[in-house]
Amino acid sequence: MLSKLHIKNYAIVEELTIDFAPGLNVITGETGAGKSILIGALSLLMGERAQTEMIRTGADGAVVEGEFILPSAPEWAVLRNEFNAGESRPVCVRREVNRRGSSRCFVNDRLVTLSELKSFGDLMGDLCGQHQHQSLLDPRSHIRFLDERAELREQAEAFREAYGVVVADQRQLDEITRRADQRRQAHELARFQVEEIRRAGVTVDEEDELKRELNVLKNARRLIEAGEQAAAVLAEEEGSAADRVARVRKEFLSLAEIDDRLGSTVDLLEKCEVQLADIVSTIGDYCRRIDFDPNRTEEIEARLAEIFQLKGKYGPSCAAILARLAELEAELTTYHTEDDRKAELVSRLEDNKRQLAVEADKLSKARRAASVKLGREVTASLSRIGMAGAKFRVDFTPVGSGSRRVPFAGTEVAVTENGLEEIEFAIETNPGEGYKPLVKIASGGELSRVMLAIKAAGQPGHDVSLLVFDEVDSGIGGTVAFAVARQIKKLAQHYQVFLISHLHQMASLADQHYLVSKQKSGKRIATQIRLLDKSERVEEIARMMASAEITETTRLHAAEMVDPAGKSSVSRTKN
């Protein structure tokens with residue numbers, strides 16, 4: 001509930017602080033006094049967008065602060081824990097708006113986004129009457145409202161948890177499939193690469209040997225010519241080295257007969273002749289082995305190009321290519337799959353999907369049964385507050401085809417975390433006009449009464465903590481006004497209710513009665529809101545009752561309505 005409200009430089013409010021209590025809080029005042037200021041201030045605290053026009057003339061900015069005491073019901077435990085809130089620890093919400101058009105939102109002095117504040121406001125209350133902050137104008141809230149009223153909240157929560165399990169299993173299966181695809185692709189690539197390297201058949205020194213052979217082939221003519229020239233110089237032409245060595249050997253052979261010490265020299269010359277012959281023979285063999293075949297050159301160049309491509313893929317040398325081959329072969333031997341785990345997960349997922357479909361069907365049937373009851377109760381409530389002929393129903397629409405599909409009764413059905421259908425409340429305000437969504441109701445007063453009827457139907461839930469009714473008494477009076485007042489009073493037993501009214505029937509049932517008035521402050525006018533005591537309430541209700549001048553009879557009647565014993569006046573009016 002809202003326990004305190006502080007407003008500064010907002011509209012024509014200079015500054016005021018007001019305390020509120022549980023139950024029915026009625027706000028009255030002359031037309032134009034500024035009763036709607038309270039609605040605007042609460043709207044800001046509940047996350048509505050701020051406008052610079054709301055800042056008081058001459059001020060740089062406006063500030064609205066509210067202290068909220070969260071309900072003690074178990075449904076509010078998460079929110080209480082989030083804000084460390086309790087009966088003695090309210091949640092403090094503050095909005096600051098400046099002339100530059102910027103706005104800041106704080107919850108317990110912590111800066112929050114407007115979206116976060118709106119989420120908090122959606123939980124705290126409904127402003128019934130203005131097409132702004134009303135949870136029931138958002139069709140997404142209708143399922144939650146129906147579940148609360150039909151006591152299906154726990155069943156719906158269990159379904160959402162089961163849906164979450166299916167979603168988690170599906171994500172896990174998708175991840176396993178993705179990893180399996182990646183591993184399979186890696187395995188196929190490794191197998192291709194092994195086959196490519198094996199097919200190439202490279203050896204460790206092959207590239208160096210091929211480069212040497214290619215170099216010889218490209219310089220074959222020069223090598224042969226040089227060999228032939230060397231052979232001629234050494235042995236083949238006249239005056240060759242062999243001839244000269246032979247002549248010297250013969251000369252020294254004769255000289256050795258004179259001096260036998262030259263015998264060793266003769267031996268060396270003989271060996272020189274043999275060596276020269278061996279050299280000439282070796283050169284000849286070398287020249288004969290040189291191949292001028294251009295096809296061999298092309299083969300070598302093609303092979304080197306192939307090795308170059310392999311080096312670009314697997315390493316800078318033939319040795320590196322062979323090392324990579326060993327690594328790839330090892331990878332192929334360690335390849336594994338998660339087929340067993342995947343099969344287990346697929347089986348579990350299918351079982352969970354089938355069970356989810358069964359639970360979705362049970363929840364759908366329970367909701368449909370509850371919707372019929374809610375429709376009767378809201379329609380009856382509408383009749384009691386002066387909207388005889390109006391009808392209320394709950395429309396069910398199967399969820400879209402893009403939703404998750406699960407097997408059910410030999411086919412497949414689409415589900416979301418909320419079940420098989422989307423739910424939306426619809427109303428026919430006048431016979432023959434057809435049903436329309438709540439948001440299509442144009443009249444603020446009519447919308448307020450429809451919201452009142454919905455809130456009053458069945459057992460109250462824990463969907464929100466406070467309700468604000470504005471324009472609910474628009475266009476009504478007499479017996480209908482008392483009927484509306486009684487419904488609101490009944491709601492105030494379960495919610496904190498704020499009622500802005502111009503009817504004495506409404507004001508007479510207030511637990512707290514506040515008066516909005518304009519007061520002169522210097523040269524300017526400022527709106528004030530204050531809590532009325534018993535005598536002041538009598539005077540205000542007399543003013544509301546009087547068509548012109550307030551008489552003593554009017555005051556006596558007003559006193560009867562304000563005094564606890566005056567409740568009998570309501571009973572008399574009922575009869």
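Reader: Hi! Where does Ile-441 sit?
Author: Ile-441 is in the loop between strand E13 (436-437) and helix H13 (444-456). Helices (H or I, at least four residues) and strands (E, at least two) are DSSP runs, numbered from the N terminus. This is a predicted model, where local features need pLDDT of at least 70 and side-chain atom pairs count only at pLDDT 80 or more, while totals for chains, interfaces and linings use all residues. Residues are numbered from 1 along each chain as its sequence is written, and side-chain values use heavy atoms, with hydrogens and water left out.

Reader: Thanks! Is Ile-441 buried or exposed?
Author: Ile-441 is buried, at a relative accessible area of 6%. Buried means under 20% relative accessible area, exposed over 50%, and partly exposed in between (1.4 Å probe, protein chains only). The areas themselves come from the Shrake-Rupley method with a 1.4 Å probe, and for residues only the protein chains shown count as cover.

Reader: And how far apart are Ile-441 and Lys-311?
Author: In space they are 76 Å apart, C-alpha to C-alpha, and in sequence 130 residues apart.

Reader: Switching to charges: how many salt bridges are there?
Author: The count is 37 salt bridges, each being a side-chain nitrogen of Lys or Arg within 4 Å of a carboxyl oxygen of Asp or Glu.

Reader: Nice. What is the N to O distance for Asp-147 and Arg-367?
Author: Their side chains form a salt bridge at 2.9 Å, N to O. Asp-147 belongs to helix H4 (residues 142-149) and Arg-367 to helix H12 (residues 339-384), so the pair ties together parts that are 220 residues apart in sequence.

Reader: Are those two buried or exposed?
Author: Both Asp-147 and Arg-367 are buried.

Reader: Which residue does Arg-153 meet in a salt bridge?
Author: Arg-153 meets Glu-148, with 3.9 Å from N to O. Arg-153 is partly exposed at 34% relative accessible area, whereas Glu-148 counts as buried at 14%.

Reader: What about Glu-301 and Lys-218, what distance there?
Author: That salt bridge is 3.8 Å, N to O. The two residues are 83 apart and link distant parts of the chain, with Glu-301 in helix H10 (residues 294-314) and Lys-218 in helix H6 (residues 206-218). Glu-301 is partly exposed, with a relative accessible area of 37%, and Lys-218 is exposed at 55%.

Reader: Which residues are linked in a network of salt bridges?
Author: One network links Arg-94, Glu-96, Arg-104 and Asp-109.

Reader: Where is Gln-496, and what does its side chain reach?
Author: Gln-496 is in strand E15 (residues 496-500) and is buried, at 3% relative accessibility. Its side chain reaches the backbone oxygen of Ala-21 at 3.1 Å. That is a polar contact: a pair of N or O atoms within 3.5 Å, where within protein one must be able to donate a hydrogen and the other to accept it, and residues adjacent in sequence count only if both atoms are side-chain atoms.

Reader: And Ser-501, what does its side chain reach?
Author: The side chain of Ser-501 reaches the backbone nitrogen of Leu-503 at 3.0 Å. Ser-501 lies in the loop between E15 and helix H15 (504-507) and is buried at 1% relative accessibility.

Reader: Last one: which residues gather in the patch of negative charge?
Author: Glu-225, Glu-228, Glu-236 and Glu-237 gather there, on the surface. A patch takes residues with over 30% relative accessible area and no salt bridge, and like charges are joined within 9 Å. Glu-236 lies in helix H7 (residues 220-236) and is exposed at 58% relative accessible area.

Key:
Patches are made of residues with over 30% relative accessible area and no salt bridge: like charges are joined within 9 Å, nonpolar side chains (Val, Leu, Ile, Met, Phe, Trp, Tyr) within 5 Å. Lys and Arg count as positive and Asp and Glu as negative; His and the chain ends are not counted. The place of a charge is taken as NZ of Lys, CZ of Arg, CG of Asp or CD of Glu.
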